[in-house]
Amino acid sequence: MSEFKVKGKIKEIMPTETGVAKSSGKEWSKLNFIVSNDEGYEGREQIYCFQIFGQERVDKFLKFNTEGTQVDVKFDIQVNEHSGRYFTNLSAFHVASGEAVEQASQTPALEEQESDLPF
């Protein structure tokens with residue numbers, strides 16, 4: 001399976017949603033957040049709405065991220081069917097923020113590093 005990645009700034013963090021599963025009776029929680037960047041057509045703003053599912057993941061996300069934080073998001077695309085309708089979710093499974101993203105963008109790629117090779 002392909003790994004999908006997006007870099008950008010957290011534009012909005014939605015309120016946490018909670019509920020109880022009808023089939024199992026277990027509690028669940030999820031959080032949606034919006035990331036934007038200028039990688040759209042001709043530099044226009046591109047926005048993505050990601051979902052984090054599970055109380056532990058939601059708590060960790062809220063502990064380390066706020067609106068305006070630069071992030072690097074790794075995600076899966078999930079499609080669910082309900083009553084003949086299809087719903088697509090961008091399910092975030094790894095969000096790197098702050099210094100980790102800045103350090104990765106400042107590290108030069110191997111091709112950009114100077115070399116004393118004649119070719």
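This is a predicted model: local features need pLDDT of at least 70, side-chain atom pairs count only at pLDDT 80 or more; totals for chains, interfaces and linings use all residues.
I take contact to mean heavy atoms within 4.5 Å. I number residues from 1 along each chain as its sequence is written.

**Confidence.** I looked up pLDDT, the predictor's confidence in each residue from 0 to 100, and found a chain mean of 85, with 81% of the residues reaching 70 or more. Over residues 109-113 the pLDDT falls below 50, and this stretch has one contact in the model beyond near neighbours in sequence.

**Asparagine 32.** I placed this residue in strand E3 (residues 27-37), where helices (H or I, at least four residues) and strands (E, at least two) are DSSP runs numbered from the N terminus. Is asparagine 32 buried or exposed? Asparagine 32 counts as buried because its relative accessibility is 17%, the classes being buried under 20% relative accessible area, exposed over 50% and partly exposed in between (1.4 Å probe, protein chains only). Leaving aside neighbours within four places in sequence, I listed its contacts as Ile13, Met14, Glu17, Cys49, Phe50 and Gln51.

Not counting residues up to four places away in sequence, phenylalanine 50 touches Val6, Leu31, Asn32, Phe33, Val35, Val73, Phe75, Leu90 and Ala92. I note as background that nonpolar side chains in soluble globular proteins tend to be buried together.

**Positive phi.** I then checked the backbone for residues that are not glycine, and glutamate 42 has a positive phi of about 55°. Glutamate 42 sits in the loop between E3 and strand E4 (46-53), and its relative accessible area of 62% makes it exposed. Serine 83, also not a glycine, has a positive phi of about 55°; this serine lies in the loop between E5 and strand E6 (85-97) and is exposed, with a relative accessible area of 65%.

**Strand E5.** Last, I located valine 79 in strand E5 (residues 70-82).

Key
Side-chain values use heavy atoms; hydrogens and water are left out.
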